[in-house]
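Hi,

Here is the structure I promised to pass on. Have a look at it first, and then read my notes below.

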Amino acid sequence: MMSGQMPILILKEGTRREQGKDAQRANIEAAKSIADSIRTTLGPKGMDKMLVDSIGDIVISNDGATILKEMDVDHPTAKMIVEVAKSQDSSVGDGTTTAVILAGEFLKQAETLLDQGVHSTVIANGYRLAMNEAKKIMDSVAKSSSDDKTLRNIAITALSGKNTGTSYEFLSDLVVKAVNAVAEEKNGKIVVDHSNIKVDKKNGGNVTDTQLIEGLVIDKERVHPKMPVIVKNAKIALIDSALEIKKTEIEAKVQITDPSKIQDFLGQESETFKSMVEKIKKSGANVVLCQKGIEDLAQHYFAKDGIYAVRRVKKSDMEKLAKATGGKIITNLDDLSKDVLGKAEKVEEKKIGDDRMTFITGCANPKAVNILIRGATEHVVSEIERSLNDAIRVVAITKEDGKYLYGGGAIEAELALKLRNYANTVGGREQLAIEAFSKALEIIPRTLSENAGMDPINTLIKLKSEHEKGKQSAGISVTENTVGDMASAGVLDPIRVKKHALESAVEVATMILRIDDVIASKKSSASESPGGGAGGMGGMGGGMGGMPPY
Ligand code: ADP
Ligand code: MG
């Protein structure tokens, strides 16, 4: 197992260690098993996963990043794969399953080469050459457009596999509208700051009751029923301190011995609130959005003065409100003036389901919109929220880049074809690695066809022959269960998503290939829970977690 010479022991006896081929194989197996576990979710006909945690909470999802995040993964290389999904999700918002499946397949193909005696460094080099060539090919075959029809198809492609039921077209239109509303031109370039699109959910109602609000919605009602329901031409004070009389840290007791003093005491309190409200009123504010509490007495004075007040607004909402209304968040009421007030055409309380929410529309800065998701249950609205966030990201980057590729495995089939030709020009052992890379890409159309219940072998043969004939848009048509035209089907993926998925898959695969020694380090052995996890450590014999502490 270990090489001929005597090992020099620099590690304490009993330290768990895997070396050379064993370590490499164990790592590859772990990565492959993670990839296999989410393969069935790929594409519009993919299945969902139900994740149940130790206290019985469940998450039902079709989203690779979400599934992997919720999975209790123990093996170190499996964790690296999970990181790929997270990074894909945070940088482009989609293509997480694709990235993980590709990483697994790159490693699987590498295994065959390792068996044939090709060194892992050669494989890693070949993979990197192939990736760079693949990115060039993507640039050359990408289509240019970011018109609404393209954006809509991009959104539909991103949403179609999710649990959005039949409402994905409706939701896609909403997403395109939202992205268009917040898109800005900066130095001749289109920029979409997707954080300007706030997404909230409220269960109840139907998915088609989901609405786009040109402005912001906060999940709070006005604090007093005598306050106005609508304030037009709103001047908004944004306050992040409590409109309460300061409670002392240590318990304080006010002893009033003389009954006539009670009135004095209450009078004082009332004066304090009166002056608070007075300061706010003087600034010209007719709406108060407060991050903390508002005492009853203050509520009463606000109501008397016709001021619309909301308390306990989330900090993140306060920041968005400041940005949208052009107001400034203040802590000290003495800093209140006309200049720090936010502006909106209308602040209104509306009933959504059983709850009342505050709608702030016609904001000073119109580049802020809010999508309010509705749906029968918490699980439904949560999965729609995840799906919409994906769709917003892909539409936003397509709006920025103005470039897309054909989905449904079309781009992967095209890359595989072109990379095979490229491999011939490279020669040597790297050629083998580039061919393996090209073969690995076919996992995407193969998985899409398998998940749609098609015969993967015949479908792949047909797909390859279409691409050889020059039909770049040929892909897996899941509606017709055959190879079809992705251009007319409108199955489009942003180029940035595809490039990023490929890059991170190659990066993690080559990193895993280069590891030939896995040593339990001090820190991890102390922090791991004893016993390790199920399905975890592969060849590591019982798991690092089971080691005695040092
Ligand atoms: P990921 O997490 O990688 O985005 P998805 O489950 O969203 O995984 O599946 C994405 C893949 O499904 C892409 O390759 C995309 O082109 C493909 N796809 C989406 N819609 C369709 C469709 N209508 N027909 C064929 N393929 C589709
Ligand atoms: Mg997707």
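**What I found**

Helix α14, residues 443-451, is largely enclosed by the rest of the structure, because seven of its nine residues are buried. Keep in mind that this is a predicted model. The buried residues of α14 are I443, I444, P445, T447, L448, S449 and N451. Just after α14 comes G453, which takes a positive phi of about 80 degrees.

Next, have a look at a pair of helices. α5 covers residues 120-141 and α12 covers residues 410-426; their axes lie 10 Å apart and the two pack at an angle of about 125 degrees. That angle makes α5 oblique to α12. As for handedness, α5 and α12 make a right-handed crossing.

Which residues in α5 and α12 meet? From α5 they are L129, A130, E133, A134, I137, M138 and V141, and from α12 they are I411, E414, L415, K418, L419, Y422 and V426. Sorted by class, this contact of α5 with α12 has eleven nonpolar residues and three charged ones, with no polar residues.

Enjoy looking around!

Notes:
Residues are numbered from 1 along each chain as its sequence is written. Chains are lettered from A and ligands numbered from 1 in the order in which they are written. This is a predicted model: local features need pLDDT of at least 70, side-chain atom pairs count only at pLDDT 80 or more; totals for chains, interfaces and linings use all residues. Side-chain values use heavy atoms; hydrogens and water are left out. Axes are lines fitted to C-alpha atoms, for helices over the stretch in contact, and angles run from 0 to 180 degrees between N-to-C directions. Helices (H or I, at least four residues) and strands (E, at least two) are DSSP runs, numbered from the N terminus. Angles under 35 degrees count as roughly parallel, over 145 as roughly antiparallel, 65 to 115 as roughly perpendicular and the rest as oblique. A crossing is left-handed if the near helix is turned anticlockwise from the far one by less than a right angle, and right-handed if clockwise. Contact means heavy atoms within 4.5 Å. Ala, Val, Leu, Ile, Met, Phe, Trp, Tyr, Cys and Pro count as nonpolar, Asp, Glu, Lys and Arg as charged, and the others, Gly among them, as polar. Buried means under 20% relative accessible area, exposed over 50%, partly exposed in between (1.4 Å probe, protein chains only).
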